[in-house]
Amino acid sequence: MKPDILAELEPVVARNLDRHLSLAKEWMPHEYVPWEEGRDFVEQPWHPDQSRLTPQARIALEVNLLTEDNLPSYHREIANRFGRDGAWGTWVGRWTAEEGRHAMCIRDYLLVTRALDPDQLEAERMAVMQAGHHSERMGAVESLAYVSFQELATRIAHRNTGRFVDDPIADQLLTRVAADENLHMVFYRSLVSAALEIDPSETVRAIAKEITSFAMPGTMIPNFSRKSLVIAKSGIYNLRIHHDEVVRPMLKHWRVFDIEKLDATAEQAREQLAVHLDILQAQAERQQERFAESAASRRARTAH
């Protein structure tokens with residue numbers, strides 16, 4: 001990639017920042033929390049029976065919150081990648097301020113409604129933030145490709161969690177959070193579109209690399225594998241959703257498989273991406289089959 005890619009993208013950042021600010025709605029996180037339900041945890045210790053949410057819903061909200069909690073690490077990553085000057089720096093600050101509201105209001109909701117053990121939640125927050133989030137990505141375009149996918153995945157995870165929780169207050173809260181994430185995704189997606197015009201070969205290589213190695217930024221959460229499996233089984237976020245609602249739509253928007261005159265390594269990366277998509281689709285189908293078989297077995301055991 002050209003060494004001045006950040007400079008070349010600066011006018012695009014400025015335009016999309018103006019667009020973002022014109023569309024972003026100010027909202028108050030405290031207005032999405034049922035404060036009247038709050039009680040003293042010292043005089044009334046927490047107990048699981050106090051939550052109106054299912055165990056699966058509590059796990060989904062916990063993972064959503066702990067993922068958002070790593071904001072200092074995410075800020076460091078994008079500030080180091082994109083800089084703190086000009087339009088890039090303004091975006092980094094604005095994005096950080098908007099993301100800060102998400103963990104704030106989700107935590108307040110969970111504590112006020114006694115959905116989770118507050119001591120355990122704090123211990124996990126400490127562990128996650130101390131571990132931090134560290135990326136090995138060296139290039140700006142790789143980072144832009146990753147955050148495009150990640151913001152879309154986060155939007156879908158929040159929105160589906162809101163629907164799954166079956167609590168109107170949580171649904172309203174997570175709908176609001178998801179709306180922020182959608183605007184963030186549009187911002188980054190637009191920058192990748194611009195990068196495809198500046199250097200299509202390098203950008204296609206970056207997109208292919210990020211898809212084939214994609215992982216959500218919450219993998220350091222304690223017992224993440226078990227919790228992500230619960231989330232997948234619940235239909236909040238799984239391989240089918242990742243393939244159908246994140247990867248494929250983004251590739252279609254960028255018209256990745258229609259770009260002409262790529263160099264040899266980019267063409268090879270695109271071919272490998274096509275193979276990976278077939279594998280991902282097969283994995284998604286197999287995961288759905290396993291979930292269906294597991295559900296059928298549970299129903300059979302219950303019937304007896």
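Good morning. Please keep in mind throughout that the structure before you is a predicted model.

I begin with the chain as a whole. The protein chain contains eleven helices and zero strands, and its pattern along the sequence accordingly reads α-α-α-α-α-α-α-α-α-α-α. The radius of gyration is 21 Å, close to the 19 Å that the globule rule gives for 304 residues, so the chain is as compact as a globular protein of that length. Along the principal axes, its C-alpha atoms fill a box of roughly 65 × 50 × 30 Å. Of the 304 residues, 50% are buried.

I turn now to one pair of helices. How do α1 and α7 pack against each other? Helix α1 covers residues 5-23 and helix α7 covers residues 168-198; their axes lie 10 Å apart, at an angle of about 150°. Angles over 145 degrees count as roughly antiparallel, which means that α1 is roughly antiparallel to α7. The crossing of the two helices is right-handed.

Which residues make this contact? From α1 come Ile-5, Glu-8, Leu-9, Val-12, Val-13, Asn-16, Leu-17, Arg-19, His-20 and Leu-23. Helix α7 contributes Leu-183, His-184, Val-186, Phe-187, Ser-190, Leu-191, Ala-194, Ala-195 and Ile-198. Sorted by class, the contact of α1 with α7 comprises 13 nonpolar, four polar and two charged residues.

Thank you for your attention.

Technical notes
Residues numbered from 1 in each chain as written. Predicted model: local features only at pLDDT ≥ 70, side-chain atom pairs only at ≥ 80, totals over all residues. Heavy atoms only, no water. Axes fitted to C-alpha atoms, helices over the stretch in contact; angles between N-to-C directions. Helix = DSSP H or I, 4+ residues; strand = E, 2+ residues; numbered from the N terminus. Parallel < 35°, antiparallel > 145°, perpendicular 65-115°, else oblique. Left-handed = near helix turned anticlockwise from the far one by under 90°. Contact = heavy atoms within 4.5 Å. Nonpolar A, V, L, I, M, F, W, Y, C, P; charged D, E, K, R; others polar. Rg over C-alpha atoms; globule rule 2.2 N^0.38 Å. Buried < 20%, exposed > 50% of the residue type's maximum accessible area, 1.4 Å probe, protein only.
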